[in-house]
Amino acid sequence: MNLREQLIEFEGWEHEAYPDPISGDGRPFTIGAGHTGPEVHDGLKWTDEQISAALDADIAEATAQAKAHFPWFDGLNEPRQAVLIGMIFQLGIGGTLKFVHTLDDIRDERWPNAAEGIRNSKWAKQTKMRARLLAAQLESGAWC
């Protein structure tokens, strides 16, 4: 397992834009492997190459944001880094930064507390399987 494979498993690989199922109003539209943005609209279609390129760019952006906001990020092992990148990928950096206590627990390597913070979040209620899996991965330090 690696981050790219895990994100594809969570997000799918969609060639046609679809409305967000959680927002209630269908926005934003999403395409590929969880890509959103102002260029994504109803009726948009992408090739596998476009999906792959967007995914790589989105991973690079989420990784850069993690490194910029969390000076301790590089000290985490790859599965734990993937949890933070995955959170930024799905929630954005603003949404991820709202996990104040969880982030403190990650920084201080209090893995059970950090995992519990994820499990007890509103995010976990919206995306139950994903949040549970990432909480377990954070706690164990191994790919789940």
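In the predicted model, D56 and R4 form a salt bridge (a side-chain nitrogen of Lys or Arg within 4 Å of a carboxyl oxygen of Asp or Glu), with the closest N and O atoms 2.8 Å apart. D56 belongs to helix α2 (residues 48-69) and R4 to helix α1 (residues 3-11), so the pair ties together parts that are 52 residues apart in sequence. Helices are DSSP runs of H or I of at least four residues and strands are runs of E of at least two, numbered from the N terminus. D56 is partly exposed, at 38% relative accessible area, and R4 is likewise partly exposed, at 27%; buried denotes under 20%, exposed over 50% and partly exposed the range in between (1.4 Å probe, protein chains only).

Nine salt bridges are present in the structure. In another, E139 pairs with R119, the closest N and O atoms being 2.9 Å apart. E139 lies in helix α7 (residues 128-140) and R119 in helix α5 (residues 111-119), so this pair links parts that are 20 residues apart in sequence. Salt bridges that share partners join D104, D105, R107, D108 and R110 into one network. Within this group, R110 and D108 are bridged at 3.0 Å between the closest N and O atoms.

T30, in strand β2 (residues 29-32), is buried, with a relative accessible area of 6%. Excluding residues up to four places away in sequence, T30 contacts (heavy atoms within 4.5 Å) E16, A17, Y18, H35, T36 and V40.

Residues are numbered from 1 along each chain as its sequence is written, and side-chain values use heavy atoms, leaving out hydrogens and water. Local features require pLDDT of at least 70 and side-chain atom pairs count only at pLDDT 80 or more, whereas totals for chains, interfaces and linings use all residues.
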